[in-house]
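Please keep the structure open while reading, and look up each residue as it comes.

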Amino acid sequence: MPLTRALFSKLREALVSVLPVTLIVIILYFTPLVWLTSTELIVFIISSLGLILGIALFNLGADMAMTPMGEHTGAGLTRSGSLALLLGVCFLMGLFITIAEPDLTVLASQVSGLISETTLVVTVGAGVGIFLVLCVLKIVFQKSLASLLMYFYMILFALASMVLVVGGEGFLAIAFDSGGVTTGPITVPFIMALGVGIAATIGGKNASENSFGLIAMCSVGPILAVLLLGSGARGELNYSVPDYSVETRLDELLPKIIAIVKEVAIALGLIVIFFMILQLVYLKLPKRLLGRIAVGIGYTFVGLVIFLTAVTVGFMPVGYRLGTELSANSPAVLIGFGFIIGFVTVLAEPAVHVLNKQVEELTGGTVSRMSMLAALSIGVGISIALSMLRIVFEFNILYYLIPGYLISLGLSFFVPGLYTAIAFDSGGVASGPLTSSFILPLAVGVCVSLHGEASVLTDAFGIVAMVALTPLITIQLLGFRAVMRRRISERVAMRRMLESDDEQIIEFM
């Protein structure tokens, strides 16, 4: 059956994605670099198997449900002819889906000493909703993504300076991290497909380029919103390192699974409710398509529950343990391991595969999945290595972010707009649940071991922001290489034509 073949194909892809991380941990178990208990290793291996199944089911569900829902929603609302309706639904969608994003809830719980979890979550959700509206206006009025990003990042760094003035360095790192955690595995397929549907309906010569950029803009909104919140905030951020032991995770397994089921059900339920209202009022899609979407939602739900459970039970404890153990070695070992683990971790992010597939389809193979995956892996590897360097020497994250964003925005003037849009979308997608649940505990472990618990807020937080930054540069460099290669080919072809013309003239004379 086609569905069975599709599932086996997704399982094969997931196996290739998760296997490198699993093999690295197993190899480290047999080296003197780290010390892991046999229980930790066994739980990690079982969690890896769960991760493979979860990613496969999620990707299958995204293909069957999330992507079609987003495309039909965007196209249906655009065809209605009511811009106000389109903008209103997009704002509410961005707000409520973000509020239900599990990664954001985890981040909010770590900063409750300054503001309540509800205040932070609603603030971030409003930021996503507002910027999703701006994304739709960008598509409708055919505005340049690079110009908009330049403008908003200038405002962003001005606000960051204000936050530093009032003594909120820890708040600064969390603000930038919030831009990464809001574009999670639930929202990415839907929002990207929404942009495709709107751009395809409006048409125009830049339809493919306009299909991208929604994730990029929706990553900026939360940062600005949280920085605005932090510019007037006073007080100390309280952070206590949670118990990362495997034994504790196993004891809390059933309550944790129930909590994950509720979180995923709320997140998917909000999307389904919006879609069903639109279906009844505007879309009128055939029952056969609705049945396929319903099955896809089921796969997405089960896949995400398995994925998040596996990450929580096995990957968070091992990530923290690796950080504490590796910090006892030289900084060179720590930085080198950071690059390797960052390089392979991005392979296991579910939303990365959704993005790569959509990029390959919309560019007609011009930007292949493998080139995208290579650029993302290199970018994330570099970001984790640089983050380990920052933890060792304890300097402000702005020393990375300001030059990094200046380079990425500068490159946008030299590469096609399509590559810029893809690059900034990739930044938000790369910083998914595995980053916050494996890489962040790794950084926390390193901080606690080297500098104590007090350094976690300023040094460990911000690593998600780094993961979101480096793909902006590597993907655009991919585009720059394509532009230069095309120009060289054109010059070679022109030279051959001129040489051929000269020969003909000589013979004629």
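1. Pro-242 is partly exposed, with a relative accessible area of 31%, where buried stands for under 20% relative accessible area, exposed for over 50%, and partly exposed for what lies in between, using a 1.4 Å probe and protein chains only. Its place is the loop between helix H10 (214–231) and helix H11 (246–251); helices here are DSSP runs of H or I with at least four residues, strands are runs of E with at least two, and both are numbered from the N terminus. Although Pro-242 and Pro-441 are 199 residues apart along the chain, their C-alpha atoms are separated by 9.8 Å.

2. A word on how to read these values: the model is predicted, so local features need a pLDDT of at least 70 and side-chain atom pairs count only at pLDDT 80 or more, while totals for chains, interfaces and linings use all residues. Residues are numbered from 1 along each chain as its sequence is written, and side-chain values use heavy atoms, with hydrogens and water left out.

3. Taken as a whole, the protein chain has 21 helices and zero strands. Its radius of gyration is 23 Å, close to the 23 Å that the globule rule gives for 509 residues, so the chain is as compact as a globular protein of that length; the radius is taken over C-alpha atoms, and the rule is 2.2 Å times the number of residues to the power 0.38. Along the principal axes, the C-alpha atoms fill a box of roughly 85 × 60 × 55 Å.

4. Buried residues make up 57% of the 509 residues in the protein chain. Of the contacts with a separation of 6 or more, 87% are accounted for by residues 24 or more positions apart, a contact being heavy atoms within 4.5 Å. The accessible surface comes to about 20500 Å², and 68% of that surface belongs to carbon and sulfur atoms; such areas come from the Shrake-Rupley method with a 1.4 Å probe, and for residues only the protein chains shown count as cover.

5. Which residues touch the most other members of the largest nonpolar core? Among the 156 residues of this core, they are Leu-322, Ile-341 and Leu-401, and the largest share of the core, 14 residues, comes from helix H13 (residues 287–326). A nonpolar core is a set of buried Ala, Val, Leu, Ile, Met, Phe, Trp, Tyr and Cys residues joined through side-chain atoms within 4.5 Å. Not counting residues up to four places away in sequence, Leu-322 touches Val-25, Leu-28, Val-34, Phe-337, Phe-438 and Leu-442.

6. Two residues deserve a look for their backbone angles. Most residues other than glycine have a negative phi, yet Gln-142 has a positive phi of about 55° although it is not a glycine. Gln-142 lies in the loop between helix H5 (117–140) and helix H6 (145–165) and is partly exposed, at 37% relative accessible area. Lys-284, also not a glycine, has a positive phi of about 55°; this residue is found in the loop between helix H12 (253–283) and H13, and at 55% relative accessibility it counts as exposed.

7. Is Ser-455 buried or exposed? With a relative accessible area of 6%, Ser-455 is buried, although it lies in a loop, the one between helix H19 (433–451) and helix H20 (456–460). Leaving aside neighbours within four places in sequence, Ser-455 is in contact with Glu-394, Cys-447 and Ala-460.

8. Val-89, in helix H3 (residues 83–99), is buried with a relative accessible area of 13%. Beyond its neighbours within four places in sequence, Val-89 is in contact with Leu-77, Phe-274 and Leu-278.

9. Thr-420 is found in helix H18 (residues 417–430) and is buried, with a relative accessible area of 2%. The C-alpha atoms of Thr-420 and Leu-472, 52 residues apart along the chain, are separated by 7.7 Å. With neighbours within four places in sequence left aside, the contacts of Thr-420 are Leu-145, Ser-412, Val-415 and Gln-476.
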